[in-house]
Amino acid sequence: MSGAATSGAAGGRPGTVEARHDAFVTTSGRGLNHDLPPMRLYHKAKRFGTWDPRSIDLSQDKEDWKLLNDAQKDALLRLVALFAAGEESVTLDLLPLIMVIAREGRLEEEMFLTTFLWEEAKHTEFMRRFLDEVAGVAGADLHHYHTPSYRKIFYEELPRAMHRLLDDPSPAAQAEASVTYNLIVEGVLAETGYYAFYRTLQRQGVMPGFIQGIRNFQRDESRHLAYGVFLLQRLVAADDAIWHVIDRRLNHLLPYALGVTHEIYAAYGDQHPFEVDQKEFIDYAIKQFSLRARRIEQARGKSLAEVYRLAADQVEEATRDPDGPGAAAGDPAGGPPAATGSPAGPAATTGSGPGRAEARAQGGPAAGGGGGSGA
Ligand SMILES: [Fe+2]
Ligand SMILES: [Fe+2]
């Protein structure tokens, strides 16, 4: 795809490859392709991703925190403890994918990924800021909030899938990494988490600074997810066998992703401090997951050019100007955020893939996973 090339990348260990360039995109007749979906995302990131976690005013949030009862404080602390470590984890674990993309000479994709990594660092910073300044738990150890399904995903599956790329940059390994990182962690867990924050805090009219930060997170994440869907579509279009890799990986991880919600609720017995039905979150998570899976399945049998066209439309849809008409994807005011992917896509699954996973998930976390919380 690129005019630039790094030699000897495929299959080699980074330390043993003799790196060299034979040509450069920016000094070739090709130049930068600003129409490529990742390059569109890069330009959007420069416009919309430049917020500063330190500049958000958390003074009202500190006052609101004092008015929560102990159970509410525990529930919010739990969610933030999951988010903080999750953001730290995606910051730590993205680099191997960036390295693979760079070594394939995909300059535009790598340019976008530089914004991606910076944004994850800011998300990590903001979550820690909440813990220090609003919850006031500096010095406390919060690892006890990380339950078995959470640990399975963030302590094991995510780092393993991402760091495997250092030794195995094959399309199948890239697909497994992206499913784990983009579709499960960003597409199911993070989005369900945003939904939880909006559904509880925003509806109660508390924590305005935190909610503003979460809204910024969600805008950033809509770009990250759009890239992940594009990457998987590109891999599927190049080799249809990759679809089955994706399907297997989704089915493996979905029970754990739903198990995270299940275990949050299990910690509070029958009564969740924020009085929101668990089923609402599970339904939302499944809906988000199914949308992305269908989008990727659309790429089967398509040419690369068709995938670029498809992805370009999706990028525009998923990352609308937050201040423009129609507002941001997922701007949550007054209700559940819209899905980042658009339901305007094909309504039905054509294959057994995501439909099967969906059916399995409908059984709830307990059915989904012997795997999930029992891990
Ligand atoms: Fe993030
Ligand atoms: Fe992200």
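The dialogue below asks how the terms used for this predicted model follow from its values.

Author: The model is predicted: local features need pLDDT of at least 70, side-chain atom pairs count only at pLDDT 80 or more, and totals for chains, interfaces and linings use all residues. Residues are numbered from 1 along each chain as its sequence is written, while chains are lettered from A and ligands numbered from 1 in the order in which they are written.

Reader: What makes up the secondary structure of the chain?
Author: The chain has 13 helices and 0 strands. Helices (H or I, at least four residues) and strands (E, at least two) are DSSP runs, numbered from the N terminus. Along the sequence the pattern is α-α-α-α-α-α-α-α-α-α-α-α-α.

Reader: Why is Asn182 called buried?
Author: A residue is buried if 20 or more other C-beta atoms lie within 10 Å of its own, exposed if 12 or fewer, and partly exposed in between; C-beta atoms are placed from the backbone. Asn182 has 23 other C-beta atoms within 10 Å, so it is buried. Asn182 sits in helix 7.

Reader: What does Asn182 touch, beyond residues up to four places away in sequence?
Author: Asn182 touches Gly187, His224, Leu225 and Gly228. Contact here means that the C-beta atoms of two residues, placed from the backbone, lie within 7 Å. Val229 is 47 residues from Asn182 in sequence, and their C-alpha atoms are 7.7 Å apart.

Reader: Why is Leu131 called partly exposed?
Author: Leu131 has 18 other C-beta atoms within 10 Å, so it is partly exposed. Its place is in helix 5 (residues 107–134). Leaving aside neighbours within four places in sequence, Leu131 is in contact with Val80, Ala84 and Val137. Ala84 is 47 residues from Leu131 along the chain, with 8.8 Å between their C-alpha atoms.

Reader: Is Ser55 buried or exposed, and how do you know?
Author: Ser55 has 6 other C-beta atoms within 10 Å, so it counts as exposed. Ser55 lies in the loop between helix 1 (37–48) and helix 2 (59–67). Gly213 is 158 residues away from Ser55 in sequence, and 10.0 Å away in space, C-alpha to C-alpha.

Reader: What makes Met207 buried?
Author: Met207 has 25 C-beta neighbours inside 10 Å, so it counts as buried. Met207 is in the loop between helix 7 and helix 8 (208–238). Its phi is positive, about 55 degrees, although Met207 is not a glycine. Over the chain, buried residues make up 49% of the 375 residues.

Reader: How do you know that the span of helix 10 agrees with its residue count?
Author: The expected span is 1.5 Å times one less than the number of residues. Helix 10 (residues 278–297) has 20 residues, so it should span 28 Å; its end C-alpha atoms are 29 Å apart, which agrees. Helix 10 is mostly covered, with 14 of its 20 residues buried.

Reader: Why are helix 7 and helix 9 called roughly parallel?
Author: Axes are lines fitted to C-alpha atoms, for helices over the stretch in contact, and angles run from 0 to 180 degrees between N-to-C directions. Angles under 35 degrees count as roughly parallel, over 145 as roughly antiparallel, 65 to 115 as roughly perpendicular and the rest as oblique. The axes of helix 7 (residues 171–204) and helix 9 (residues 241–266) cross at roughly 30 degrees and come within 9 Å. Helix 7 and helix 9 are therefore roughly parallel.

Reader: Which classes of residue form the contact of helix 7 with helix 9?
Author: The contact residues include Leu183 and Val188 in helix 7 and Leu250 and Leu253 in helix 9. They divide into 15 nonpolar, 3 polar and 2 charged. Ala, Val, Leu, Ile, Met, Phe, Trp, Tyr, Cys and Pro count as nonpolar, Asp, Glu, Lys and Arg as charged, and the others, Gly among them, as polar.

Reader: What makes helix 6 and helix 9 oblique?
Author: The axes of helix 6 (residues 148–163) and helix 9 cross at roughly 135 degrees and come within 7 Å. Helix 6 and helix 9 are therefore oblique to each other. Their contact involves residues including Tyr150 and Ile153 of helix 6 and Tyr256 and Val260 of helix 9. By class it has 7 nonpolar, 2 polar and 3 charged residues.
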